[in-house]
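This report looks at a pocket and at a few ring contacts in the structure shown below.

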Amino acid sequence: LIMCIASDNPSSEVLFKLDGKRIKQRKIKVIAYQEGICLTRSHALFFATQDKASIQQVLDRIKGLSILTIGEVDGFTRMGGVINFFEERNRLRFRVNIDAVKRNALKMSSQLLVSAQIFTEGDE
């Protein structure tokens with residue numbers, strides 16, 4: 001399982017501690033964003049940046065690929081990202097863009113979706 005981190009935020013370094021860990025017998029490989037690997041071989045791409053222009057550029061390039069995209073910038077799901085983390089009443093919450101899930105041929109458990117705010121690209 002290859003997870004790429006596109007970050008300009010030093011606090012995201014904690015994500016690299018996941019490197020080498022296992023999820024259901026699959027070893028996680030965490031790497032800093034490298035266009036060649038991250039756009040062709042990664043399974044998940046986490047954006048730890050507020051640079052909406054660069055995020056949008058990458059999201060446009062990988063549209064339709066089976067890559068789980070995760071971000072924390074306001075409006076990430078409106079930009080076409082799959083999961084958007086945000087804070088609400090001092091709690092960490094997340095929104096899921098159902099259209100992006102379908103477009104990227106991803107599957108999400110019903111347990112995950114029950115906890116999420118659901119977003120469709122027709123919502124504005």
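How many residues line the largest pocket, and which of them lie nearest its centre? The lining consists of 27 residues, and Met3, Ile23, Ala44, Leu68 and Ile70 are those nearest the centre. The model is a predicted one, in which local features need pLDDT of at least 70 and side-chain atom pairs count only at pLDDT 80 or more, while totals for chains, interfaces and linings use all residues. Residues are numbered from 1 along each chain as its sequence is written, and side-chain values use heavy atoms, with hydrogens and water left out.

The space in the largest pocket is about 830 Å³. A pocket here is an open set of points on a 1 Å grid over the protein atoms alone, where a 1.4 Å probe fits, with protein on both sides within 12 Å along at least five of seven lines, and lining residues have an atom within 4 Å of a point. At least two lining residues come from each of the strands (DSSP runs of E, at least two residues) in the table, and β5 gives the largest share, 3 residues.

| Strand | Residues |
|---|---|
| β5 | 44-48 |
| β6 | 68-71 |
| β7 | 83-88 |

Turning to the rings, there are 2 aromatic pairs (ring centres within 6.5 Å). One of them joins Phe47 and Phe76 at 5.6 Å centre to centre, and with 55° between the planes it is tilted, that is, neither under 30 degrees (stacked) nor over 60 (edge-to-face). Because Phe47 lies in strand β5 and Phe76 in the loop between β6 and β7, the pair ties together parts 29 residues apart in sequence. Both Phe47 and Phe76 are buried (under 20% relative accessible area, 1.4 Å probe, protein chains only).

Notes. Points joined across faces, edges and corners; volume = space filled by probe spheres on them. Helix = DSSP H or I, 4+ residues; strand = E, 2+ residues; numbered from the N terminus. Phe/Tyr/Trp six-rings, centres within 6.5 Å; stacked < 30°, edge-to-face > 60°. Buried < 20%, exposed > 50% of the residue type's maximum accessible area, 1.4 Å probe, protein only.
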